[in-house]
Amino acid sequence: MLKEIRAALLFGLAVWVYQATNPPPPKICGTPGGPLITAPRIKLRDGRYLAYKEHGVSRETAKYKIIYVHGFASMRHDTMGMAKLSAEVVEELGLHLVSFDRPGYGESDPHPKRTPESIALDIEELADHLEFGSRFYVMGFSMGGQVIWGCLKYIPHRLAGATLIAPVINYWWPGFPANLSTEAYYLQLPQDQWTLRVAHHAPWLTYWWNTQKWFPASAVAARKPEVFSRQDLEILSMVTDGRMNRPQTMQQGKFETLHRDMMVGFGKWEFDPMDLKNPFPNNEGSVHLWHGDEDQMVPVSLQRYIAQRLPWIKYHEISGSGHMFPYIPEICKAMIKALLLEKK
């Protein structure tokens, strides 16, 4: 009898471990039972599809071409304040902007082997498909801002300029002084500290941690009010476009969107951004980093340190702003003009 009970417990444990470490497969767009395809898409070299959306003047008449990278729990429709730029400004600048669904989001195929390098190469392929020429601009917000580090590392020769907007940092980048990164890490809510610990040290448990009910999981993923600044909450109360698109954002499943972002963003990187060299040694382009000094999600102390370590980055700190400042049209306009028009 005891042997039977023990066998049953071991079997139950094995089933639990399997379910905890094996998320359900994604619902791929365009497959039987999967979401419909509504966006233009390109087929990448490895066979995956990448969905995108074009904004602004036509590609043929554009003077400046930008690829915009969306953030966490977002998609190609969410371009923050870019969508609020007046037609006059867009026409004056000759601006053509392309946003795309990062792998797994919206209508882009998931990429289980995604890395900082792979998404930079996806961006390069997208630019080539759209015939952007030898060089183009990149901008990214939050988790999309972190993606721009990969562009600076792996495709610097293709960039005309780059802007990182409140970019997510990885607390385990070795370039940070241990005391500084530790202090910043503990500014997070305890549940977010644990979420990132799991993503970094035990990525195979990321799905389990974010779906179990015993302990609170990511407050950022749940968009708890505590992770936003006062200005953030005021901005979000007036913004509807991002929330309206949200059901479509993760229609292929949360694992290859939110959870994959956590594992890639806070996992072990093949390079340290603080070791990067200036991609524009002859001042033929510029790199900008914008951050709010009241950001509750990404500690400003770490961005200040990065700006100190990499003096070729033009650092812009916005007083009184949190994480969502790119929704403010005036700031968005200033970021665009700084990237495109400031003297190099």
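Student: Which residues line the largest cavity, and which elements give two or more residues to the lining?
Tutor: This is a predicted model. The lining includes Arg102, Arg114, Thr115, Pro116, Ile119, Met143, Gln146 and Val147, and it also includes Asp261, Val264, Gly265 and Trp269. The elements that give two or more of these residues are α3 (116-129), α4 (143-154) and α10 (255-265).

Student: What volume does the largest cavity have?
Tutor: The structure holds 1 cavity of 30 Å³ or more. By class, its lining has 6 nonpolar, 3 polar and 3 charged residues. The volume of the largest cavity is about 90 Å³.

Student: Which residues touch the most other members of the largest nonpolar core?
Tutor: In soluble globular proteins, nonpolar side chains tend to be buried together. Here the largest nonpolar core has 97 residues. Leaving aside neighbours within four places in sequence, the contacts of Ile123 include Ile67, Phe100, Phe136, Val147 and Ile155. The residues that touch the most other members are Ile123 and Trp149.

Student: Are the residues that point either way from β7 buried or exposed?
Tutor: In a regular strand the side chains alternate between the two faces of the sheet. Val287, Leu289 and His291 point one way from β7, and His288, Trp290 and Gly292 point the other way. With a cut-off of under 20% relative accessible area, all of these residues are buried.

Student: Which residue of β8 stands opposite Leu289?
Tutor: Strand β6 (residues 159-165) runs parallel to β7 and is joined to it by 4 bridges, with Ile165 opposite Trp290. Strand β8 (residues 313-318) also runs parallel to β7, through 6 bridges. In β8, the residue opposite Leu289 is Tyr315.

Key. Residues numbered from 1 in each chain as written. Predicted model: local features only at pLDDT ≥ 70, side-chain atom pairs only at ≥ 80, totals over all residues. Heavy atoms only, no water. Core = buried A, V, L, I, M, F, W, Y, C linked by side-chain atoms within 4.5 Å. Buried < 20%, exposed > 50% of the residue type's maximum accessible area, 1.4 Å probe, protein only. Contact = heavy atoms within 4.5 Å. 1 Å grid on protein atoms, 1.4 Å probe; cavity = no way out; pocket = protein on both sides within 12 Å on 5 of 7 lines; lining within 4 Å. Points joined across faces, edges and corners; volume = space filled by probe spheres on them. Nonpolar A, V, L, I, M, F, W, Y, C, P; charged D, E, K, R; others polar. Pairing = 2+ DSSP bridges.
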